[in-house]
Amino acid sequence: MSEALDLVFLWHMHQPDYRDHTGGDIQLPWTYLHALKDYTDMAAHLERHPGIRCVVNFVPVLLDQIEDYCRQFDSGRFRDPLLRLLATPTLDDLPLSDRRLLLNACFRSHHDTMLTPFPRYQRLYGLYRQLAREGDAALAYLSGAYYADLVTWYHLSWTGETERRSQPLLAELMSKGEGYTFGERRALLELIGQTLQRLLPRWRALQQRGQVELSATPDTHPLAPLLLDFACARETLPEAPLPFAQTYPGGRSRLDAHIAAALASHAERFGAPPAGMWPAEGAISTAVVHQFGQHGCRWIASGEGVLRNSLAAAGIDGTRAAYRPWRLANSTEPVIFFRDERLSDLIGFEYSKWHGRDAAGHFIHELEAIRAATPADETAIVAVILDGENAWEHYPYNGYYFFDDLYNLLENHPFIRTTTFDALLANDPPCGTLPTVVAGSWVYGTLSTWIGDAEKNRAWELLCAAKQ
């Protein structure tokens, strides 16, 4: 049995670009809502548990949008329709388009954890459902006070649990429940702005005290293997139909530009380029690994399915393979860490249904079993990699109690050490050698989510035509 086990959490923070770059409204609110709820809570969990180390991965296009929102709050001119309506003094005479927008947008959430626990918010939903059955004419009876309460409750439901426990205004508004005044909506708006403006400084502080390694993804989250070669999709799905074009025009230079832009923006925001990168969707190929290496990336990470396919292609025994890093035969290439699919998916999809303490205890037990099966002369490295925002709305209290129990158990565990990829590389861990990387992603170990059927291939053909 090994003496210790090294555990690396990588929390991947990403939202696609929802901005209309021709000068119009922001199309969807998910960037600022996840910043308000999840990116804030994830920082607070670490601040409460200073013994936890992890990697946090920010995609540059997400940071661009967060900074864009901060500028909107500074100027008071909102391009996001929901924020603009929250800031509107009276909602009595809203045009039909704004009323429809509020009714369509302000019930979008996981109702079991974000609407049902709040009776006044649930009442707004019940009124809407009742009137909607009678048609648009009945919805005209909804007053400006209804819409004021609706837009207020929607934003309250998207606040982080840690903020609710530290900001008296949120407790006051949630206790009041209805009849929100313009002054109260204005105060909530100001708190949202302050939360977003404090967000990146909080993550910088966590990095500066050595608790967090901040990493990046190429600039706007491109599918790197497919930018280089559509045919690489057939490395796992030999019969997959492909677009008529063999390659995306200028794909290699395009990927270079995405990587270089990410390194530069990360250095500007956080003081230095990242030591490593999480490729978009964990999608890599041999050519992609080479390209990251040419930019000086010390590590990258991917899904366990990619490792299984690569080991099978090389005839290498895959027993316990995910519990150590790998690299291509050329020692100058980045070290590759592979995600433990089972443990990562337990957090992402299963533990939300458990009591937080039971889930945390089960996770620790699984790690202890991995360590017990590790030979005495080895140290297992377990990489748990998943989105840092999407799972938590399915957890009661946005995962507050799960994280409190899990991080507390890990801080006090006798042999499980939380660490970062950069810290591991400083100790020069032994790596396995892969002759090649079979192209794939963290989704099924293939690229089938993005290519290989008629509609996806047609989309690539349109992109190629537009590029040309």
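Arg417 is located in strand β9, which spans residues 416-418. The structure is a predicted model. Leaving aside residues up to four places away in sequence, Arg417 touches Ala4, Leu5, Asp6, Leu7 and Thr379. With one of these residues, Asp6, the contact includes a polar pair between side chains, at 2.8 Å. The C-alpha atom of Arg417 is also 9.6 Å from that of Gly51, although 366 residues separate the two along the chain.

The C-alpha atoms of Thr374 and Ala4 are separated by 9.4 Å, with the two residues 370 positions apart along the chain. Thr374 is placed in the loop that connects α17 (356-372) and β8 (380-387). Its relative accessible area is 3%, so Thr374 is buried. The side chain of Thr374 forms a polar contact of 2.4 Å with the side chain of Arg320.

Asp80 is buried but has no salt bridge. The nearest side chain of opposite charge belongs to Arg84 and is 7.6 Å away; this pair is not a salt bridge because the cut-off is 4 Å. A polar contact of 2.6 Å is present instead between the side chains of Asp80 and Tyr69. Beyond four places in sequence, the residues touched by Asp80 are Ile26, Leu28, Pro29, Tyr32, Tyr69 and Gln72.

In soluble globular proteins, nonpolar side chains tend to be buried together. The largest nonpolar core in the model comprises 100 residues, and Phe9, Trp11 and Trp203 have the most contacts inside it. Trp11 touches residues that include Met42, Cys54, Val55, Val56 and Asn57, as well as Leu386, Asp387, Gly388, Trp392, Phe403 and Tyr407, with residues up to four places away in sequence not counted. Another core, of 40 residues, lies apart from the largest one; Ala224, Met277, Ala322 and Val437 are among its members.

Zero disulfides were found in a search of the whole structure. For Cys464, the nearest cysteine sulfur is that of Cys232, at 13 Å, and Cys464 is in no disulfide. Cys464 has a relative accessibility of 4% and therefore counts as buried. Cys106 is likewise buried, with a relative accessible area of 0%.

Notes: Residues numbered from 1 in each chain as written. Predicted model: local features only at pLDDT ≥ 70, side-chain atom pairs only at ≥ 80, totals over all residues. Heavy atoms only, no water. Helix = DSSP H or I, 4+ residues; strand = E, 2+ residues; numbered from the N terminus. Buried < 20%, exposed > 50% of the residue type's maximum accessible area, 1.4 Å probe, protein only. Polar contact = N/O pair within 3.5 Å; in protein donor to acceptor, adjacent residues only side chain to side chain. Core = buried A, V, L, I, M, F, W, Y, C linked by side-chain atoms within 4.5 Å. Contact = heavy atoms within 4.5 Å. Lys, Arg positive; Asp, Glu negative; His and termini not counted. Disulfide = S-S within 2.5 Å.
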